[in-house]
There are 2 protein chains.
Amino acid sequence: MNAFKQMTIIGVGLLGASLAKVCRERKLAERIVGFGRNAENLQRAEQQNVIDHGTTVIEDAVAESDLVVLCSPVGTIAERFREMAPHLKAGCLVTDVGSVKAPLVRDIEPMVPDAVHYVPAHPIAGAEQSGLDAATVDLYEGARCIVTPTSQTNPQAVERIHAFWQDVGMRVQVLDAAEHDFIYGAVSHLPHVVAFALMNTVGQLKTREQEDIVHLSAGGLRDITRIASSDPVMWRDICLANKTHVLDLIDRFQDALGEIKQRIEQDDAAGLKESFKNANGHRGKLVGNNS
Amino acid sequence: MNAFKQMTIIGVGLLGASLAKVCRERKLAERIVGFGRNAENLQRAEQQNVIDHGTTVIEDAVAESDLVVLCSPVGTIAERFREMAPHLKAGCLVTDVGSVKAPLVRDIEPMVPDAVHYVPAHPIAGAEQSGLDAATVDLYEGARCIVTPTSQTNPQAVERIHAFWQDVGMRVQVLDAAEHDFIYGAVSHLPHVVAFALMNTVGQLKTREQEDIVHLSAGGLRDITRIASSDPVMWRDICLANKTHVLDLIDRFQDALGEIKQRIEQDDAAGLKESFKNANGHRGKLVGNNS
């Protein structure tokens, strides 16, 4: 592994600052520059030695870097790329952490300058908290990272970005961007939508004495709705970016729910047991896997 | 507190055997009899000293008891009551652990012999595993127990059953049976239906290479679908017993989901953020409470 002379992290929040920490610890870059719009946050990141230098001027942030990692919210990644594109030096590698890939690839690929290589990535990492203060050196450790090159992506660049995320500690896997978006629509975006909708349903119900009924709940509701505490802006942006797949998956979920509902309506005991047994079986596949 | 001379537990599984254990430890009954249909299970419970005596003959099980607790699956409780009713002695108290109350009250109340008192209860306790071997002395400790007497229930009997569940270690609360069924339909039955439906949706999806896509999931899906591993027969019986409320709550959930879906379809960023923020707020109420 060759350390990058200088890397830039766009967005020094949970994902960006955690990445800076692990790159620092593993000496993946000689110098780490942070870009953001909040000067105070950048200053704190400098003081904590998370980054070597923080700047709110994108040209200063990227002009000398061999690697740029876009860690800003998914709704802003393409815009940040547009701003920095004219300032990237020849040979620079760019990757990102966006949770939705096809729209980013569609928007960014036409803007990539000659002699610069963009390799889209989605490290499957996160935490309940966000921001610099929640950042940890082991956020990415052992987790999966999906890399989604296109037919236009330089194979050597893919190899280097693949190696970079591996050096960070991740299990890297290559997928087509559209397939990525379908898969993570199903295993991540749909469950969030469902949890939000369930919380909105139950959260507004009251007892006859006008108490919130959630106060009477047992552990099951707490578990199933944990992800309903997720950041509304981030999930709004993800759902809108992955709109087509998310809508298709909501349709599929509505069908599965409709089947159960119909079996209850019709007192179809055998059918209902079968629906629930199937769910048991699928859940068994899920927990059989420790990824 | 006066110990019962003899108590009978109908159904020596997770709930029944755990109840026997705590009653033994706290000396709530001088003698504990277990009834079940599996003689081998009763024998093991006897050998482990969970019960003093096990029998598959319901008359033998209940004839001498001052307290009978129906711990069999919710779909069988009324039937067990019907079988034992002629053999109950005068002054006997009967309670149960069924998760749905109004249909049980409706079925059982007309069968209650003179001088016998039935006080419906729902201890909110359970575990991932079921059966005698999963039973623990502290299953009920600190959890909530809802007691749902009717206008016909003898007040002194209510007081004694209230005290009994408190002695077991539970926080006892009185609710109307119909309100209980609505509330637990919302905080427990609906979330289970949703988890089963979500698991059925995602569980059958494959990658282009015909791998199960659940293998690519992160932690969120595992959490939200934990309760999709729940017992299919138990949940079938609960959903059918609480049919009216469960169907109404599925409707409400479909509306909440429909609202989010529409906001995604219409690219309504402000509305979508609001939906998700509301869910955050409701979830905050839920976790603010440690019950």
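A polar contact of 2.8 Å links the side chains of Asp212(A) and Lys206(A). Here a polar contact is a pair of N or O atoms within 3.5 Å; within protein, one must be able to donate a hydrogen and the other to accept it, and residues adjacent in sequence count only if both atoms are side-chain atoms. The model is predicted: local features need pLDDT of at least 70, side-chain atom pairs count only at pLDDT 80 or more, and totals for chains, interfaces and linings use all residues. Residues are numbered from 1 along each chain as its sequence is written, chains are lettered from A in the order in which they are written, and side-chain values use heavy atoms, with hydrogens and water left out.

**Exercise 1.** Describe the surroundings of Asp212(A).

Step 1. Asp212(A) sits in the loop between helix H7 (177–203) and helix H8 (219–224) of chain A. Helices (H or I, at least four residues) and strands (E, at least two) are DSSP runs, numbered from the N terminus.

Step 2. List the neighbours. Leaving out residues up to four places away in sequence, Asp212(A) touches Gly203(A), Leu205(A), Lys206(A) and Lys285(B). Contact means heavy atoms within 4.5 Å.

Step 3. Look across to chain B.

Step 4. Asp212(A) is buried, at 13% relative accessible area. Buried means under 20%, exposed over 50%, partly exposed in between (1.4 Å probe, protein chains only).

**Exercise 2.** Which residue forms a salt bridge with Asp212(B)?

Step 1. Recall the rule. A salt bridge is a side-chain nitrogen of Lys or Arg within 4 Å of a carboxyl oxygen of Asp or Glu.

Step 2. Find the partner. It is Lys285(A), with the closest N and O atoms 3.3 Å apart.

Step 3. Asp212(B) lies in the loop between helix H7 (177–203) and helix H8 (219–224) of chain B, and Lys285(A) in helix H11 (residues 269–287) of chain A, so the pair joins two chains.

Step 4. Compare with the cut-offs. Asp212(B) is buried at 12%. Lys285(A) is partly exposed at 24%.

**Exercise 3.** Trace the salt bridge between Lys89(B) and Asp66(B).

Step 1. Read the distance. The closest N and O atoms are 3.2 Å apart.

Step 2. Lys89(B) is in the loop between helix H4 (77–84) and strand S5 (93–96) of chain B, while Asp66(B) is in the loop between helix H3 (58–62) and strand S4 (67–70). They are 23 residues apart, so the pair links distant parts of the chain.

Step 3. Lys89(B) is partly exposed at 31%. Asp66(B) is buried at 17%.
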